[in-house]
Amino acid sequence: MSGKHPLIGKRVSGPDGKVGILTDVMGTTAYLRPERGGREWPVPLADVEPVTENAQDSDTLSVKLAVVNKRSRGEL
């Protein structure tokens, strides 16, 4: 049975540092999905930590770097 958790719908990180959206909690297992959509993956609920607004995951940094690179090449 699914459980209510205050972080459902929020950005969280799992034990490996991978960031996702907490979609559900069942017992001691949390389910995260990639921010851009995709397949959920289970992680131990005890290892889930909220991601602060100042934290940036690798996807966010990759997008920002791509923009900087395009600007430097005169593409933007």
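Here is a short chat about a predicted model of a single chain.

Visitor: Hi! What elements are there in the chain?
Guide: Hello! This is a predicted model, and its chain has one helix and five strands.

Visitor: And in which order do the elements run from the N terminus?
Guide: The order is β-β-β-β-β-α.

Visitor: How do the five strands sit in the sheet?
Guide: They form an open sheet, ordered β4-β3-β2-β1-β5, and the pairing is antiparallel. The edge strands are β4 (41-44) and β5 (49-50), each of which pairs on one side only.

Visitor: Let's zoom in on β2. How many bridges join it to β3?
Guide: Strand β2, residues 19-26, is joined to β3 by five bridges, and the two run antiparallel.

Visitor: Okay, what about R33? Where is it found?
Guide: R33 belongs to strand β3, which covers residues 29-33.

Visitor: Is R33 buried, exposed or partly exposed, and why?
Guide: R33 counts as partly exposed because its relative accessible area is 28%, and the partly exposed class lies between the buried limit of under 20% and the exposed limit of over 50%.

Visitor: Which residues does R33 touch?
Guide: Leaving out residues up to four places away in sequence, R33 touches G20, I21, T23, G38, R39, E40 and W41.

Visitor: Switching topic: what is on the surface?
Guide: There is a nonpolar patch formed by V63, V67 and L76, with about 250 Å² of accessible area together.

Visitor: Where is L76 found, then?
Guide: L76 is in the segment after α1, the helix of residues 58-72.

Visitor: Is L76 buried or exposed, and why?
Guide: L76 is exposed, because its relative accessible area is 63% and the exposed class starts over 50%.

Visitor: What about the whole chain? How much of it counts as buried?
Guide: Of its 76 residues, 21% count as buried. The accessible surface of the chain comes to about 5,500 Å², and carbon and sulfur atoms hold 53% of that.

Visitor: Last one: what share of the contacts links residues 24 or more positions apart?
Guide: Among contacts in the chain with a separation of 6 or more, 25% are between residues 24 or more positions apart.

Conventions
Residues are numbered from 1 along each chain as its sequence is written. This is a predicted model: local features need pLDDT of at least 70, side-chain atom pairs count only at pLDDT 80 or more; totals for chains, interfaces and linings use all residues. Side-chain values use heavy atoms; hydrogens and water are left out. Helices (H or I, at least four residues) and strands (E, at least two) are DSSP runs, numbered from the N terminus. Buried means under 20% relative accessible area, exposed over 50%, partly exposed in between (1.4 Å probe, protein chains only). Contact means heavy atoms within 4.5 Å. Accessible areas come from the Shrake-Rupley method with a 1.4 Å probe; for residues, only the protein chains shown count as cover. Patches are made of residues with over 30% relative accessible area and no salt bridge: like charges are joined within 9 Å, nonpolar side chains (Val, Leu, Ile, Met, Phe, Trp, Tyr) within 5 Å. A salt bridge is a side-chain nitrogen of Lys or Arg within 4 Å of a carboxyl oxygen of Asp or Glu. Two strands pair if DSSP finds at least two bridges between them.
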